[in-house]
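Dear colleague,

I am handing over the structure below, and I would be grateful if you could read the notes that follow with it open beside you.

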Amino acid sequence: MTLNLSLSIDGQSRGTLAVQLRNAFRTQIEEGALRPGTRVPSSRQLAADLGVSRSVVVEAYEQLCAEGYLVSQHGSGTSVAAAARADVASALTPDDHTPAPAVCDLRTGSPHDSTFPRQDWIRAVSAVVTSAGRRELGYAPPSGLPVVRHTLAGYLGRVRGVRTRPERLMVTSGFAQGLALLCRVLRDRGHDTLGVEDPGHPGEWEFVAEAGLRPVGIPVDSDGIRVDALAASGVRAVLVTPASQFPTGVTLTARRRAQLVAWAKEVDGYVIEDDFDAALVAPAHRLPAVQSLAPDRVVYAGSASKVLTPALRLGWLAIPADLTAPVERIRASWDIGCSGLEQLAFARLIDTGAFDRHLRRLGADVQKRRQAVRDFVAGHLPDVTLLGANGGLQAYLLLPARCAEEAVVHAARRRSVLVRGGRFYALRPDDRPPALVLGYAGVRGPELGRGLAGIAAAYRETTGRA
Ligand SMILES: Cc1ncc(COP(=O)(O)O)c(C=O)c1O
């Protein structure tokens, strides 16, 4: 075993050779260059590497073991001790014996780890891996395995009314990759801007800007994106979340949908429909995808992130005919497609009905949490308006105009409840009413109750209301 020990042992230096060697090891261990568990060379080998007598190394190792930096085990040699850098580690990770502060995290983000259908997924992966032959274990086509795109086309038609064909579908590494691909194609077609909803998703704006398009904020009201403002903006492509606008949760009304596709035809442009959490919209409020109104103008985009887990990095695009080849060409030069085995496992989940069953369970669970938030607002925050109470995994609370949003956020934080103000989601932060956005995907039952109680107390403290 070789060790990249940058030791400067020389006979002129102060201290014996064994002390110099010991100090060199200590420094490397304390600075983290030698990690806990790393095996060090045998005394014979290190002595030979350094050109010193073996007794020098033995003495240094014995001292380091006595000090707890190294551990020596009969038969498995000498290695860096697990607790050798306890002083450094304790600054980075909480000590197990210190009770953690009771934090309730109501910021929007990942779903709770308890909602992923682990057993269903294990069964699907197991079946796929067991039966995988030469083809399944080879390279999948960049756009996705034909059999998976076939399943997806049927599924999207059935549950979202999407009008597409397997050849127009592409499996992507999450919506993020789909968006990056579309931005690139739009740029190649002469677009330099992309309309985005305001409020919206700041991470997506960064993504769009990184892909070379300037995000242009289009205001949203209680009917969804304002198509009159979109038309006035001069953009020719727009990214929207019609099923449940992020973060307000409002559903784009049927009238606005018709206006949106009419606008796209008028400007010879495109709508990117981010349908990432449509399956979690209350069934009575769920409209078919906008794509079903104009498959040649709307790129439909879905994702497994909210309905399964973002860890899969699985998304899909249904692409208009004239954009399919350009998107495929760019994709083929990026990454040669997603994991074929995971695509197959996902398709199996759909084909066996396990995905539908999971969505029903998840939908019922989300509904319960939504109801808890509705009851909380009605009972504790009577002068606050709750937007989009039927969709999304977050609640958008419009605060009274005079209420200082940041003060409520800070007062909640003092109670160990983490929440974001509307400012975080606004492209033009000053031009909007104060708001709070409560993400309820990552917390459950009693924790949600505790978080809401903290918000109510923070609101009372800030506004002086009893
Ligand atoms: C607005 C919005 N769109 C789409 C997604 C899904 O993105 P991805 O599939 O890249 O995880 C998310 C996050 O889950 C989101 O917040």
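**Notes on the model**

Leu-50 is found in helix H2 (residues 43-50), where helices (H or I, at least four residues) and strands (E, at least two) are DSSP runs, numbered from the N terminus. With a relative accessibility of 29%, Leu-50 counts as partly exposed, given that buried means under 20% relative accessible area, exposed over 50%, and partly exposed in between (1.4 Å probe, protein chains only). Between Leu-50 and Phe-116 there are 66 residues in sequence and 53 Å in space, C-alpha to C-alpha.

Please keep in mind that this is a predicted model, in which local features need pLDDT of at least 70 and side-chain atom pairs count only at pLDDT 80 or more, while totals for chains, interfaces and linings use all residues. Residues are numbered from 1 along each chain as its sequence is written, and side-chain values use heavy atoms, with hydrogens and water left out.

**Domains and cores**

The domain assignment of the chain gives domain 1 (17-92), domain 2 (104-113 + 357-463) and domain 3 (116-353), with bounds that come from an automatic or database domain assignment. The C-alpha centres of domain 1 and domain 2 are 52 Å apart.

The largest nonpolar core has 65 residues, of which Phe-346, Phe-355, Leu-438 and Ile-455 touch the most other members; a nonpolar core is here a set of buried Ala, Val, Leu, Ile, Met, Phe, Trp, Tyr and Cys residues joined through side-chain atoms within 4.5 Å. Helix H13 (residues 354-380) gives the largest share of this core, eight residues. Because domain 2 (104-113 + 357-463) and domain 3 (116-353) both give residues to this core, it lies between them. Apart from this core lies another, of 23 residues, among them Leu-179, Leu-194, Leu-213 and Leu-239.

Phe-355 is in contact with Tyr-155, Val-307, Leu-308, Phe-346, Leu-349 and Ile-350, leaving aside its neighbours within four places in sequence, and contact means heavy atoms within 4.5 Å. Asp-375 is also found in helix H13, and at 47% relative accessibility Asp-375 counts as partly exposed. Asp-375 and Ser-233 are 142 residues apart in sequence, and their C-alpha atoms are 39 Å apart in space.

**A pair of helices**

Two packed helices are described by the angle between their axes and the distance between the axes. The axes of helix H7 (residues 174-188) and helix H8 (residues 202-210) come within 9 Å and cross at roughly 35 degrees, the axes being lines fitted to C-alpha atoms, for helices over the stretch in contact, and the angles running from 0 to 180 degrees between N-to-C directions. On the side of H7 the contact is made by Phe-175, Ala-176, Leu-179, Ala-180 and Cys-183, and on the side of H8 by Glu-204, Phe-207 and Val-208.

**Two buried positions**

Gly-315 lies in strand E11 and, at 0% relative accessibility, counts as buried. Although Gly-315 and Ser-173 are 142 residues apart along the chain, their C-alpha atoms are separated by 5.7 Å. Not counting residues up to four places away in sequence, Gly-315 touches Met-170, Val-171, Thr-172, Gly-174, Phe-175, Gly-302 and Ser-303.

Ala-153 has its place in helix H6 (residues 146-160) and counts as buried at 12% relative accessibility. Ala-153 touches Thr-164, Arg-165, Pro-166 and Leu-169, again not counting residues up to four places away in sequence. Ala-153 and Leu-169 are 16 residues apart in sequence and 7.3 Å apart in space, C-alpha to C-alpha.

**Backbone details in the loops**

The peptide bond from Asp-198 to Pro-199 is cis, with omega near 10 degrees, and Pro-199 lies in the loop between strand E5 (193-198) and H8. The bond from Phe-246 to Pro-247 is likewise a cis peptide bond, with omega near 10 degrees, and Pro-247 lies in the loop between strand E8 (237-240) and helix H10 (254-266).

Arg-313, although not a glycine, has a positive phi of about 50 degrees; Arg-313 is found in the loop between strand E10 (298-303) and strand E11 (315-318), and counts as partly exposed at 34% relative accessibility. Ile-336 also has a positive phi, near 55 degrees, in a residue other than glycine, and lies in the loop between helix H11 (321-334) and helix H12 (340-351).

With best wishes
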